[in-house]
Amino acid sequence: MERKDDEEDDDQENLVAQSEPMRAAFQMEDVNDERVNTRGFNFSFNKWCILAIVVPVVIITFYLTTDVDSLFRIEVMKGNYDVSVNSMRESEFQALYLLRQQELGLSKLWSSTLLDNSSDSTPAFSSVLFEELKLDLLSQISLNKQIQQALLSSHQLGNLLNASDNATDTSVDGYGGLRRCRKVEYRLSGRRTIEWKPKSDKYLFAICASGQMSNHLICLEKHMFFAALLNRILIIPSSKVDYEFRRVLDIGHINKCLERTVVVTFEEFAKSRKGHMHIDKFICYFSKPQPCFLDDEHVKKLKSLGVSMNKLEAAWDEDVKNPKPRTVQDIMTKFSLDDDVIAIGDVFFANVEKKWVMQPGGPISHKCKTLVEPSRLILLTAQRFIQTFSGGNFIALHFRRHGFLKFCNAKNSSCFYPVPQAADCINRAVERSTAPVVYLSTDAAESETGLLQLLLVVNGKKVPLVRRPTRNSNEKWDALLYRRGLEGDRQVEAMLDKTICAMSDVFIGSMGSTFTEDILRLRKDWGSASNCDEYLCQGEVPNFIADDE
């Protein structure tokens, strides 16, 4: 028991002994806390002292090193810039609103023109002028949309216009399903015509001497009109005094269209007359600059064929430089004769019933699209060329240059344009028609056509100029001509060019060229004429004209 008490006493002593140091520790912590509080107070005091010293120094330094006026001025300018930008944006949106209103007005006008044209209330309104009006209207609507697109693009709203209604889409079949360039329909059934019913023993001897092939073709067509008026069979000139028309024209086609013999070749006439070829009456339509517009060389060629004739007589006083407008009655009065064979000389410049003669389909009643057209071989070759090279959607360009500068500059308004100006006009036509290629019919030098090709660019893309290539045995598009020995014939190639141009979607011609005029005639007769057909740079004046000699 004592031992137990002693252990308990020892434990208590130990406990007491351990409690004393702990108390001392607590006392030391109290002292330390007081020291810490004293140091925190001193640090806060020192911090405020430092701030009180540093801040004025920073302010003074900033004031000395910074242009305060400039700082405030920048802020003011920034505010003015924001106001200016907002004002500009407001103006742009106002412009967009006005353009949109204009577009709606133009669209309404477009719709009204279609309705007006569909009625028969305005028969006197020229269909050609109406097509031009529609084309101009579409052009204005397109320009309006381009301006809107440009304004919207700055606001990243470029697709907003395209996402809206398609009522004003001029690039495709908008506006009642009409394309910007489309075929022009001519009412051939309602044209003014005359029946050609010749007497079997009465002939008109065709004579054409002025210009090249196109002039001679126009002269031949006018002879056909005269023959129809006078009830005579037309004699096609011999190739020994004129072009070999049988190579380029389908003469049999003319007789088929009228279902009777209205034209014969010189050889057929000679055979029927058994070598007795005499012109009973040679009465000249033109008296100046020489009777019948024939020189002595042409008369000698006729006589070398065995053709005899009486003295040339003038029907009236008529100059090729100033032909008077003549009527059917004038022709009937002067040239209605009982002689079997008569001749009236070259009538290329004759001005007889011009509107009647120049109408689509021509002045003579027939069952075909046109009376005078290329031979079947040339037609097929043209089709094969188009299928091989250009495809159906192409523009044809007759770019007359050789000898054209002096000819055009002699006119009141020159028709000879510098190549860059011509290229601009062609680019606009390509953009309007959306054709990928341009077929080029030209007599220009390579230096001019090369420059023209470089300048034909639409929407950043080069527009290829397509020309008939030289003969290549690997290509079969021209095999029909080659097999018959017609390849390389200049007149056949010229007629082939005409035919290709006449089949194009859009045609651009050279004003004053009979080659162009014959193409336009074919296009009207065949129904391939477009409301985008035009003369090169039509309505423009060359931006540079050389002085006279």
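**Terms and ground rules**

I call a residue buried when its relative accessible area is under 20%, exposed when the area is over 50%, and partly exposed in between, using a 1.4 Å probe and the protein chains only. With that cut-off I looked up C284, which is buried with a relative accessible area of 0%.

I noted that this is a predicted model, in which local features need pLDDT of at least 70 and side-chain atom pairs count only at pLDDT 80 or more, while totals for chains, interfaces and linings use all residues. Residues are numbered from 1 along each chain as its sequence is written, and side-chain values use heavy atoms, with hydrogens and water left out.

**The whole protein**

I looked up the secondary structure and found 19 helices and 15 strands, where helices (H or I, at least four residues) and strands (E, at least two) are DSSP runs numbered from the N terminus. Of the 549 residues, 42% count as buried. The accessible surface, from the Shrake-Rupley method with a 1.4 Å probe, comes to about 31800 Å², and 54% of it belongs to carbon and sulfur atoms. I also looked up contacts, meaning heavy atoms within 4.5 Å: among those between residues at least 6 apart in sequence, 80% join residues at least 24 apart.

In what order do the strands of the open sheet stand? I read the order as 3-2-1-8-5-7, with parallel pairing; two strands pair if DSSP finds at least two bridges between them. Strand 3 (263–265) and strand 7 (313–314) stand at the edges with a single partner strand each, so one side of each has no neighbour in the sheet. I then followed strand 5 (residues 281–284), which runs parallel to strand 7 and is joined to it by 2 bridges. I283 has E313 of strand 7 as its bridge partner.

**Helix 15**

Is the helix mostly covered or mostly open? I found it mostly covered, with 11 of its 15 residues buried, among them V419, C425, I426 and V430. After the helix comes T434, whose phi is positive, near 65 degrees.

**Disulfides**

I searched the whole structure for disulfides, that is, pairs of cysteine sulfur atoms within 2.5 Å, and the search finds 6. With bonded cysteines counted along the chain, their pattern is 1-11, 2-3, 4-7, 5-6, 8-9, 10-12.

Which parts does the disulfide of C181 and C532 tie together? The S to S distance of this pair is 2.0 Å, and with -95 degrees about the S-S bond the link is left-handed. C181 lies in the loop between helix 5 (174–177) and strand 1 (203–205), and C532 in the loop between helix 19 and strand 15, so the pair ties together parts 351 residues apart in sequence. C181 counts as buried at 15% relative accessibility, and C532 counts as buried at 3%.

The sulfur atoms of C257 and C368 are 2.0 Å apart in their disulfide, and the torsion about that S-S bond is about -105 degrees, so the link is left-handed. C257 lies in helix 8 (residues 251–258) and C368 in the loop between helix 12 (354–358) and helix 13 (376–390), so parts 111 residues apart in sequence are tied together. C257 counts as buried at 1% relative accessibility, whereas C368 is partly exposed at 28%.
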